[in-house]
Amino acid sequence: MKLINFTKYLACSALLISLASCEDNDYSVIENAVYIAEAAPSDKFNQQIENLVIDDTDVELKLTIRLASPVNENINVSVALDPSLIDAYNQKNSTAFELLPEAYRKMEQSTVIPAGEITGEPFVITIKPYMTPNNESYALPIRISTNSNGISTAGNADKLLYLFKTPNKQKTVILGGAEQRVSFKNSFPASKWTFEYWIKVNNITGRPTGSWEGVSNREFRAQIFTDNAAPIHLEGSESVLLRYWADGVLKIAPTLQCQLAGPFFDSSEFWWPDTWYHIAYTYDGSTLTLYKNGVVDTKLIVSKNFNFSKLILCSGMGRMQVEFAQIRLWNECLPSNLIKDGMSSQIPSDAPGLVGYWKCNEGEGRILKDCTSNENHIDFTQSHTNVTWNNKIYNFSDPNKKE
């Protein structure tokens, strides 16, 4: 992608517009043109796209509609919704964004750039907080046009796609003690897959973490991160055993180890108690990748055939105690952008490729519901697993934020 500094080119008689996609590297020379300033930044690679979180209050978006150079007449600019922008984005990124319903948006249909000026008043769009019946993802596709003689729109800077998401807010389940196995009604053959979840290991020692690193503090770490403890893992023709050790190879802090039948690999160290982490393992048919908080942590090149038949919780836990939220199993290898975009939100239970989805947000009882049509609920009613609930409602856009 080639980025264009619009400030520089506005000083020239002609405006060079970047077509602003990784595939489009051409320029078009325009004697004068109208464009959305926010759709043509000089400091961003991802142009024409804005990601926004909609929480509890109205969000006001201000668009600056500009002319490359002033003219001696008013320029009327129409602002409309263009759903084809959503369709194109969904097709390219394997997403399922929908047009934000009219009840949650307020916007005018036009704006004016006064004669002799290169911009008018900011164009304002108001987005209201919304609820979704099935955790839909919404977007707002904006495109401008003008009927003024001799004035056209400038390249790809005539459009802007807003992608919205709401932060996941929920209570969480606390587990410890005895192991619990959940046999799936039908096994899931998966040449490619993703397994993701939020987890927090609780410090139950009563001691402040304080000194935590290094060989001399290993015993203290092992009281919280029990060696060989697997709070959650998958079993089948090829198990994916995810277990903690108080020390990694560097012997300075805990590590999370992924053990297959034969090969294994360790995460980076520095896992901390009382801290939420989003963990995602993906397999694309040749590479097993661990993402930690949406960022690649480590990889293993491996060729395996997977057929998952069980979800196992609290294996070898000892006194270890953990909290869970948003456990998801996919029969697809999710790309990094979908992992990062979806980890802080709830998602539709019928999302393509989603075969298991335990939100862990019931807030009471001993059953964790699988929200997919497979209904592989986790039922602790006959087990000795310790199940309690944290009544705090975490905001998973930043679950570790201090109040």
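Biologist: In what order do the strands of the open three-stranded sheet stand, and is their pairing parallel or antiparallel? After that, which residues form one aromatic cluster?

Modeller: A word on the ground rules. This is a predicted model, where local features need pLDDT of at least 70 and side-chain atom pairs count only at pLDDT 80 or more, while totals for chains, interfaces and linings use all residues. Residues are numbered from 1 along each chain as its sequence is written, and side-chain values use heavy atoms, with hydrogens and water left out.

Now the sheet: its order is 5-11-9, and the pairing is antiparallel. From one strand to the next, the twist averages 20° (axes are lines fitted to C-alpha atoms, for helices over the stretch in contact, and angles run from 0 to 180 degrees between N-to-C directions). Strands are DSSP runs of E with at least two residues, helices are H or I with at least four, and both are numbered from the N terminus. Two strands pair if DSSP finds at least two bridges between them; strand 5 and strand 11 (residues 123-127) have five. In that pairing, L63 faces F123 of strand 11.

On to the rings. The whole structure has 24 aromatic pairs, meaning Phe, Tyr or Trp (six-membered ring) centres within 6.5 Å, with planes under 30 degrees apart called stacked, over 60 edge-to-face and the rest tilted. W212 and F225 are edge-to-face because their planes sit at 65°, with centres 6.0 Å apart. W212 is in the loop between strand 17 (193-201) and helix 3 (218-224), and F225 is in the loop between helix 3 and strand 18 (230-236), 13 residues apart. Both W212 and F225 are buried (under 20% relative accessible area; exposed is over 50%, partly exposed in between, with a 1.4 Å probe and protein chains only). F225 also meets Y244, centres 5.4 Å apart and planes at 65°, so that pair is edge-to-face too. Since Y244 belongs to strand 19 (residues 241-245), this contact ties together parts 19 residues apart in sequence. Y244 is buried, at 2% relative accessible area.

Your cluster is W212, F220, F225, Y244, W271, W272 and Y277. Two charges sit over its rings: R207 over F220, 3.8 Å from the centre, and K292 over the face of W271, at 4.0 Å. The test is NZ of Lys or CZ of Arg within 6 Å of the ring centre and within 35 degrees of the ring normal.
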